[in-house]
Amino acid sequence: MRHSSLFALALAFTLSAAPALAQEFKAGDIVIEKPWARATPKGAEVGGAYMTIENKGAAPDRLTGGTSDFATVEIHEMKSENGVMEMREVTGGLDIPAHGSVALAPGGYHIMFTHLAHPLAKGDTIKATLTFEHAGPVEVEFNVLGVGAAGTGGAMKGGAMGGMKM
Ligand SMILES: [Cu+2]
């Protein structure tokens with residue numbers, strides 16, 4: 001009896017904890033915090049989206065991709081190569097370590113919406129489903145912020161600090 005009532009309680013808690021206006025989206029041990037996307041100019045075919053992905057579990061997980069009804073969802077990484085920022089698709093998924101978190105932010109990892117069906121307008125909320133190897137699909141709502149939002153100035157230029165040559 002005790003076990004089943006505890007289970008019912010846990011279930012009720014899970015249901016009531018479903019995100020309403022929360023800026024947090026969960027599935028299993030995965031918590032996605034403050035997802036946002038950058039507004040795109042008219043005619044743009046791609047748009048970036050950012051968030052922090054936390055893994056509260058004892059086992060590593062992996063973001064493997066996603067879907068949306070307005071774009072194709074890709075996982076990208078910005079990296080400085082010989083002083084030039086380059087963007088590439090992360091193949092094989094993005095590892096989310098156990099008891100750890102990975103930040104998707106301008107200048108680093110990000111979700112790239114490609115083949116946009118319409119521009120992302122500031123003030124809009126857009127929905128996409130992100131898929132994790134273990135936690136499964138997570139429905140996420142992104143707030144669309146202005147073109148110049150959050151840390152574009154933080155993107156590193158150069159990287160010629162060391163100048164090491166082998
Ligand atoms: Cu990209």
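Start with Ala-37: in β3, its bridge partner is Ala-49. Strands here are DSSP E runs of at least two residues, helices are H or I runs of at least four, and both are numbered from the N terminus. Six bridges join β2 to β3, and the two run antiparallel. Two strands count as paired if DSSP finds at least two bridges between them.

A word on the model. It is predicted, so to speak of local features we need pLDDT of at least 70, and side-chain atom pairs count only at pLDDT 80 or more, while totals for chains, interfaces and linings use all residues. Residues are numbered from 1 along each chain as its sequence is written.

Back to β3. Ala-49 also stands opposite Ile-111 in β9. Three bridges join β3 to β9, again antiparallel. β3 has another antiparallel partner, strand β8, residues 100–104, with five bridges. There, Asn-55 stands opposite Gly-100.

Now the other side of the story, β11. In which sense does β2 pair with β11? Parallel, over three bridges. Arg-38 stands opposite Leu-145 in β11. β10 and β11 pair in the antiparallel sense over eight bridges. Ile-126 has Phe-142 in β11 as its bridge partner. A hairpin of three residues joins β10 to β11.

Next, the core. The largest nonpolar core has 25 residues. By that I mean buried Ala, Val, Leu, Ile, Met, Phe, Trp, Tyr and Cys residues joined through C-beta atoms within 7 Å. Buried means 20 or more other C-beta atoms within 10 Å of the residue's own; exposed means 12 or fewer; partly exposed is in between; the C-beta atoms are placed from the backbone. Among the residues with the most contacts inside this core are Ile-30, Ile-53 and Phe-142. β2, β3, β9, β10 and β11 each supply at least two of its residues.

What does Ile-30 touch, leaving out residues up to four places away in sequence? Ile-53, Asn-55, Asp-61, Ile-96, Phe-132, Ala-135 and Val-138. A contact means C-beta atoms, placed from the backbone, within 7 Å.

After β11 comes a segment holding Gly-148. Why is Gly-148 called exposed? Because it has 10 other C-beta atoms within 10 Å. Its C-alpha atom is separated by 7.8 Å from that of Arg-38, 110 residues away along the chain.

Last, the whole chain. One helix, 11 strands. Of the 166 residues, 20% are buried. Among contacts between residues at least 6 apart in sequence, 69% join residues at least 24 apart.

Terms used:
Contact = placed C-beta atoms within 7 Å.
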